[in-house]
Amino acid sequence: MTAQAFFFYFAAALAVVSALGMVLNFRNTVAAAMSLVVTMIGLAIVYVVLEAHLVAALQIMVYAGAIVVVFLFVVMLLNLRSDTFHPARQRLLKAAGALLALGLTAAFLSLMPTALPTVQELPEGFGGYRAVGLALFTRFLLAFEVSSLLLLAAMVGAVVLAKRRID
Amino acid sequence: MVPLEHVIGLSGLLFVIGTIGALTRRNLIVILMSIELMLNAANLAFVGFARAWGQHDGHIFVLMVIVVAACEVAVGLGIVVALFRNRESVNVEDVSLLKW
């Protein structure tokens, strides 16, 4: 087993276990958020194995560093540290969720063998900041600019929504 | 490189875990976190296919998804805070007015 494969399967197991830990943790919302951080770090390791170095760095910075911190901030602000809610009692909802999950998995497994491309050779410097930056600021410049507009709208929206009273 | 099937399989597994969380949990914050997990699973598929094709388009798409996820969290948690002020609860059972 090569080092790449070892890191991939290690990080994959880490991500899946901590994702389950997040979803199945009914007691403590802070612990669920910390599990989400571990999932994000596991995914970042997978990205490094897949030669997406810039994306891996951004994953750590934005998800583990910013998004989950905002989650934790809100959990602690609202004092929801111990989650007193019980999972839904309705049998129907649970059955529908399980059925949907099984159906997704089955559809997925049946489609996968025929749908995948063969792996190509990588160009020099694939996934580094230079190559991704060049693509981002030339071919995808419009998407980049529009995303800044979206961030501005979200920022204004969040401030207005969380305000106590709108004057 | 690890087989692409395994990358996509991991992506699908994480997506299903996120779906189960979003469907079965009642705590609004955990539902938002499950949606983040689903977005991340999609990101993993994008990165895997970008690696397979040897092109950067998937990476750019992942950056856009990260931007949208950040916006979603900011607005979503703003709604959660406003909801908690008005209802003293983040349980989705308490805010089911728009549910068929």
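1. Start with B:Ser11, which sits in helix H1 of chain B. This is a predicted model, so take the distances below as computed from it. B:Ser11 comes out as buried, since its relative accessibility is 7% and the cut-off for buried is under 20%. Its side chain gets to 2.7 Å from the backbone oxygen of B:Ala41. Leaving out residues up to four places away in sequence, B:Ser11 touches B:Ala41, B:Ala42, B:Leu44 and B:Ala45.

2. Now the interface. On the chain B side, 71 residues are in contact with 80 residues of chain A. The area buried between chain B and chain A is about 6500 Å², and carbon and sulfur atoms give 81% of it. Within chain B, the residues that lose the most area to chain A are B:Arg25, B:Met33 and B:Arg51; together they make up 10% of what that side buries.

3. What about polar links between the chains? Across the interface of chain B and chain A, five residue pairs are in polar contact, counting pairs with both residues at pLDDT 80 or more. Three helices of chain B each supply at least two residues of the side that touches chain A: helix H1 (4–24), helix H2 (28–53) and helix H3 (57–87). Which of them gives the most to that side? H3(B) does, with 23 residues.

4. How many salt bridges does the structure hold over all chains? The count is one. B:Asp57 forms it with A:Arg139, and the closest N and O atoms are 3.2 Å apart. B:Asp57 lies in helix H3 of chain B, while A:Arg139 is in the loop between helix H5 (129–137) and helix H6 (141–162) of chain A, so the pair joins two chains. The count between chain B and chain A is likewise one salt bridge.

5. A word on how open those two partners are. A:Arg139 counts as exposed, at 60% relative accessibility, because the limit for exposed is over 50%. B:Asp57 is at 28% and counts as partly exposed.

6. Over in chain A, have a look at A:Phe7 and its surroundings. A:Phe6, A:Phe7, A:Phe10, A:Leu14 and A:Val38 make a nonpolar surface patch of about 430 Å². Which helix gives the most to the patch? That would be helix H1 (residues 3–23) of chain A, with four residues. A:Phe7 itself is found in helix H1 of chain A. With a relative accessible area of 42%, A:Phe7 is partly exposed; that also clears the patch cut-off of over 30%.

7. Last one: A:His53, in helix H3 (residues 53–77) of chain A. Setting aside neighbours within four places in sequence, A:His53 is in contact with A:Val48, A:Phe126 and A:Gly127. A:Phe126 is 73 residues away from A:His53 along the chain, yet their C-alpha atoms are separated by 8.6 Å.

Key:
Residues numbered from 1 in each chain as written. Chains lettered and ligands numbered in written order. Predicted model: local features only at pLDDT ≥ 70, side-chain atom pairs only at ≥ 80, totals over all residues. Heavy atoms only, no water. Patch = residues over 30% accessible without salt bridge, like charges linked within 9 Å, V, L, I, M, F, W, Y side chains within 5 Å. Areas by Shrake-Rupley, 256 points an atom, 1.4 Å probe, with all protein chains shown as cover. Salt bridge = Lys/Arg side-chain N within 4 Å of Asp/Glu carboxyl O. Buried < 20%, exposed > 50% of the residue type's maximum accessible area, 1.4 Å probe, protein only. Contact = heavy atoms within 4.5 Å. Buried area = accessible area lost by both parts, 1.4 Å probe. Polar contact = N/O pair within 3.5 Å; in protein donor to acceptor, adjacent residues only side chain to side chain.
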